[in-house]
Amino acid sequence: MTELADAAQLFERLYDELRRIAHRQLDAGGATLQTTGLVHEAYLKLAQSQVVDEQHLLNLASRAMRQVLVDTARARGRDKRGGGLQVVTLTEGAQALPEMSLDVLALEQSLQRLEQADPRLAQVVELHFFGGLSFPEMSRVMNVTERTLFRDWRAARALIHDDLSRFDGANA
Amino acid sequence: MTAPVLDQAQRVRALHLMREALDVTASDRVAWVAAQCAGDLALNAEVDRLLALDAAAAGPLDRSLSDHAEAGEFAGDPRIGRQIGPYVIRALLGRGGMGAVYRAERNEGGFTQTVALKLLRATDPDNTLALRRFARERQILVRLQHPHIARFLDGGVSDDGQPWYAMELVDGATLLRHVERLATPLPARLQLFMQVCDAVQFAHQNLVLHRDLKPANILVDAQGDVKLLDFGIAKLLQDEADPGTHEVTRTEHRAFTPDYAAPEQISGQAVSTATDLYALGVILFELLTGRRPFKSGAVPGRGSATIDTNAEPPSRALARAGGERRRVTALRGDLDTIALTCLQAEPARRYASAAALKRDLERHLAGLPIEARPDAFSYRSAKFLRRHRYAVTAGVIFALALLVTTIFSVQQAQRAQRESLRATQLAESLQRERDAALDDARRQETLREHFIAVLNRATESGESIAPEQLLALAGDEHLLGTFGDSDMQTALRLALVDLFAQRDEWQRVVELLDQLEPAIADKAGRVQASAAAYRAFAAIRLGKLGDAEVAIERAELAMTPEQRGGGMLPAELQMARAQLARSRGDLAGAVVAAREASARALVATDASALAQGQLIGTGATTLLLAGELEGAVELADQVEKIWRGAGVSANLAARINAMNRANALFLSGQLLAARAAIEGIDAADATTESAPAQSARKGTYAKLLALLAAPEAALIEAERAIHLMCDSTGEASHECLRTRLATIDTRYYAGDPANARRELDRIGDGLAHLPPLAAAVAGFERVLALQLTPNETTLIDVLTLLPNNAKAGALPRRNAVRAMLMLAEIFDRRGNAPYAERLARTAIDTAGDAIRGEGMDPSLLLLWQARLDRQPVPTAALATLERAVGTTHPLVAARQAQAPTAD
């Protein structure tokens, strides 16, 4: 029961986080109802899954998040031909360095490569980046020391950032 | 792809080692990793690389997902589906600090064109800096039409006021992806890279620096053609000396991509074409080795202030990474030298141009010895110079340019010294020389136009002040011929043509064009059109009006419809038409054409503010000479605004424009405004001004003071004008005599006709053989005779001669009218009302409908008309006169005394 309560709490947190973002965006005058759509999609995917324990739920939630983002990006028309290949680095403003913005599909490709090389590294990225879990939380879920997880994260981060800068947003 | 030579097992092993290495003290790490790798160089390199990446600056994973969402990266964009100009936005391609780029489509006649459409960020429409940058980028792209640069297609402003432009959408992969995916062999990689060199060379020839060259900005399309993208932080070379653009430049300084940035860019020093050459070197290195050219362990510049200036040879880098022996051997020697020559820390040691870099690659592929040498550090030695004809040529021209420069000013010389030996920068220095020459030429023009305005028309050209060294530079065929690149030669020759045009050396212009035109028969239409435009201007100045007409037509034909539609070239041609009309005596036609030319120049996006102002300034001059004084003031104001906005208001050309404005105000009778304008010019530092120009201004100022009832000051300024001119050109020179002649009316306006008579006697017969001046002398003779011996004969003489001269075109009508009005005032003050009224009546008859406006002459005409009609003083005319000459002026005071009783 406690495990399920934790799971519900964690999901709640994820959900709240996303809603908060949506609110802030709407307040700022943006037209970003898609973000709430994204949360509902995540919820649906979670609800369809058999939630057995915390680890499973968090993995699922993180994975769902990743999947939703990838699906959204694909649906947005970043098709393999044309669209995704025009590389534009709008580097005029120091406030938004191009390296800081995320190409979800390029990240997905990089993650898949990483999964082949070292699945645990990919899982760390999924939980930490997509799931938003802290290192202590991950340590609990994955039963690995925080220190190890932090090193894993650094290795994964290095590889992915390298890939992303080389992909240059290209999406072949 | 991160390291092509690694297999999966090595990758996994590298990841493990990297994680373990993180627990080792940083200082021991390198040794520890080397020990663990036990001679596996590829593995060792990969671990080093991962550690370097770990230490590198932040990336997208360092921001939380919610931050990314908040930045709108996952949000649907409300602009998708919207119509912008003729395009419908389909999908977001990329986003940045300033705006976003979309895939957009245009549907016309069943044919769909897909483009990349760039829009400013929606929340920022009022950001003028962003707007300016956006406009600059657009302006840069417009001029860069090249097969290897993504084409600019269209631009405009959307319904809600957002500027946009469309460019070619390139369907392809980035350069590195392309070669890695296809495992492109080395020679084919070099061929692709040479296309990049072509594109960069073209940009440089158009005086554009890219400043952010990197693999992400270079695509290879489906046909295997390279396309260079993203001139978002590009820079126009000629803006260098233009303080108005500093704001943009400064904020752009940090916007480059550190891995590809040259040391001078990272340290914030001046960037040049050599900066792009450095980036080309990094890209070449990466194409050759699959990695970037830094020594182990450091990713310099990336978020840190470290600057690596000692890249290792590509062959060694590839060997360390475990590359195949065959591939390593292929790089050793030439390719090592070529890449390292690009990567020199000191800009002057890199290749002189992208064309030179390409040439060495060609030579390498053809098995010829390359021109760059590994011993480049001894590049200063005479031996090296002999071997490097480019460097020698540029050096010689540089020295000559310096020689010329000293003639203008020390400041110019210092600027020239800072210039590197790059050929494109030579073009830049020529542009500066031209600007300096422009100032001198325009000064002479002002001088001449002063005389034209005052004494009808002076036909001889002023004394030439062209430095002989400049002639030598332009005339040295051999020197120019050593530039191997024919485009560069053309650009330089056109720059020289322009230089001579600005110096009024029109015969030289024609000679240069005679040499140039056969050589450019195969060049772009724009080049041919430019040459034809110069020929048109030269022909007009040399009096060959038929030739001018032919040249204008040829220029028209050489332009594409797009070029004809906008930009500086059609504006210049229109101005040539204006000058042609003026030369043919069609003043009305000249005015219409000059106005249109100025309007076109005002909206041209392909010219510097200096060039825009220059052309509009010519328009102001044309209107001034055609008597369209209000229009002249208006255009001169526009020029001033453009130059002030661009930060060039402090130069000599601006002073000349201000003098044009002052002359127009003076001629239209806005005396107070004219005086303020001249005093404003005087307040600025005049130390670099030539004596003739100062003299011309003093002469005008003296006349103004006389008309404004300040006789003592007027006579002093008149003497100063004479001194300045005669001391510099000689007592017997025509210029000196003309200047003396121009002070005659000043003297009698100042109330001293005897003084005027003495001065006229002094000029004597010196001007008798110059017909236009002789007419002026005769006019002054009669005017002075009337004042000194007033009788029916002398009066009739004046009343006959001045209107007749005006009718015959020997004297501008305004001048004749003003002379008679002033005489009327003089006689009225003497109490000779009948003479005064007869003079005024003739003035009114002579003026007809031609003298209108808000100045002194129109209001005096109205006031006299009322008096002759025995009507009360018209208060509106009196108010106008007050504005023109001031409330305390005797002209006003005398009438105010009558006004109350008349009311």
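The model is predicted, and local features need pLDDT of at least 70, side-chain atom pairs count only at pLDDT 80 or more, and totals for chains, interfaces and linings use all residues. Residues are numbered from 1 along each chain as its sequence is written, while chains are lettered from A and ligands numbered from 1 in the order in which they are written.

Ala183(B) is not a glycine, yet its phi is positive, at about 45°. Most residues other than glycine have a negative phi. Ala183(B) lies in the loop between helix H6 (175-181) and helix H7 (186-205) of chain B; helices (H or I, at least four residues) and strands (E, at least two) are DSSP runs, numbered from the N terminus. In chain A, Asn143(A) also has a positive phi, near 60°, and is placed in the loop between helix H6 (135-142) and helix H7 (146-167). Asn143(A) counts as exposed because it has 8 C-beta neighbours inside 10 Å.

Chain B contains 43 helices and 11 strands. Of its 903 residues, 51% are buried. Two residues are in contact if their C-beta atoms, placed from the backbone, lie within 7 Å. Among the contacts in chain B with a separation of 6 or more, 62% involve residues 24 or more positions apart.

Helix H3 (residues 41-55) of chain B comprises 15 residues and reaches 21 Å from its first C-alpha to its last, close to the expected 21 Å, where the expected span is 1.5 Å times one less than the number of residues. Buried residues of H3(B) include Leu43(B), Val47(B), Leu50(B) and Leu53(B).

Ile763(B) belongs to helix H36 (residues 753-763) of chain B and is partly exposed, because 19 C-beta neighbours lie inside 10 Å. Beyond its neighbours within four places in sequence, Ile763(B) is in contact with Leu737(B), Arg740(B) and Leu741(B). The C-alpha atoms of Ile763(B) and Ala732(B), 31 residues apart in sequence, are separated by 9.4 Å.

A nonpolar core is a set of buried Ala, Val, Leu, Ile, Met, Phe, Trp, Tyr and Cys residues joined through C-beta atoms within 7 Å. In the largest such core, of 138 residues, Ala536(B) and Leu823(B) touch the most other members. Another core, of 84 residues, lies apart from it and includes Ile89(B), Tyr102(B), Ile218(B) and Leu277(B).

Key
Buried ≥ 20, exposed ≤ 12 C-beta atoms within 10 Å, placed from the backbone.
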